[in-house]
Amino acid sequence: MSVENTQRTEGSGEEEAVTTLAASVRYYSTAPGVRLNVRSGPGTGYDITRVLPEGAKVPIYCQTPGTTVSGYYGTSNIWDNISNGEFVSDAYVNTSSDGYVADRCA
């Protein structure tokens, strides 16, 4: 979501459109009883960068297709970007959806 504001530049007499991002990031619960691997890319072939503790909540900044994984919440090829260069399988995140809940990663 973007909001466009019109601002007057000091002394120029001209109006300038400024676009600001007003994105709200939601946090989602991970599967109960699971220590979730965080990977450097959207697939099981990427390195594990860290492991989330049981009961963790994660933000989803964007989502992208990758390796298909069968997990607590079904089977999915969707991977959730939870931080810069960090992804978790959506099959272990309770989004209450079988599809995308965030924008696709660029």
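Tyr73 counts as partly exposed because its relative accessibility is 32%, where partly exposed lies between buried (under 20% relative accessible area) and exposed (over 50%), with a 1.4 Å probe and protein chains only. The model is predicted, so local features need pLDDT of at least 70 and side-chain atom pairs count only at pLDDT 80 or more, while totals for chains, interfaces and linings use all residues. Residues are numbered from 1 along each chain as its sequence is written, and side-chain values use heavy atoms, with hydrogens and water left out.

**Overall architecture**

The protein contains 0 helices and 9 strands. These elements are DSSP runs numbered from the N terminus, with helices (H or I) of at least four residues and strands (E) of at least two. From the N terminus, the order of elements is β-β-β-β-β-β-β-β-β. Of the 106 residues in the protein, 31% are buried. Among contacts (heavy atoms within 4.5 Å) with a separation of 6 or more, 41% are between residues 24 or more positions apart. The accessible surface amounts to about 6,700 Å², and carbon and sulfur atoms contribute 44% of it; accessible areas come from the Shrake-Rupley method with a 1.4 Å probe, and for residues only the protein chains shown count as cover.

**Tyr73 and Ala31**

Tyr73 is located in the loop between strand 7 (62-71) and strand 8 (74-83). Apart from its neighbours within four places in sequence, Tyr73 is in contact with Thr30, Ala31, Pro32, Ala91, Tyr92, Val93 and Asn94. Ala31, one of these partners, belongs to the loop between strand 3 and strand 4 (36-39). Ala31 is buried because its relative accessible area is 0%. With residues up to four places away in sequence left out, Ala31 touches Tyr72, Tyr73 and Tyr92.

**Ser29 in strand 3**

Ser29 is part of strand 3 and is partly exposed, its relative accessible area being 27%. The side chain of Ser29 forms a polar contact of 3.0 Å with the side chain of Lys57. A polar contact is a pair of N or O atoms within 3.5 Å; within protein, one must be able to donate a hydrogen and the other to accept it, and residues adjacent in sequence count only if both atoms are side-chain atoms. Beyond its neighbours within four places in sequence, Ser29 is in contact with Ala56, Lys57, Tyr92, Val93 and Asn94.

| Pair | Separation in sequence | C-alpha distance |
|---|---|---|
| Tyr73 and Thr95 | 22 residues | 9.1 Å |
| Ala31 and Glu54 | 23 residues | 7.8 Å |
| Ser29 and Glu54 | 25 residues | 9.7 Å |

**Charged residues**

A salt bridge is a side-chain nitrogen of Lys or Arg within 4 Å of a carboxyl oxygen of Asp or Glu. By this rule, the count is 1 salt bridge. Arg50 forms a salt bridge with Glu86, and their closest N and O atoms are 2.8 Å apart. Arg50 lies in strand 5 (residues 48-52) and Glu86 in strand 9 (residues 86-89), so the pair ties together parts that are 36 residues apart in sequence. Arg50 counts as partly exposed at 37% relative accessibility, whereas Glu86 is buried with a relative accessible area of 13%.

Asp80, in strand 8, is buried yet has no salt bridge. The nearest side chain of opposite charge to Asp80 is that of Arg104, 10 Å away; for charge, Lys and Arg count as positive and Asp and Glu as negative, while His and the chain ends are not counted. The side chains of Asp80 and Gln63 are joined by a polar contact of 2.7 Å. Setting aside neighbours within four places in sequence, the residues in contact with Asp80 are Ile60, Cys62, Gln63, Glu86, Phe87, Val88, Ser89, Asp90 and Val93.

Ser89 is placed in strand 9 and is buried, with a relative accessible area of 3%. Excluding neighbours within four places in sequence, Ser89 is in contact with Val69, Ile78, Trp79 and Asp80.

Tyr27 is in strand 3 (residues 27-29).
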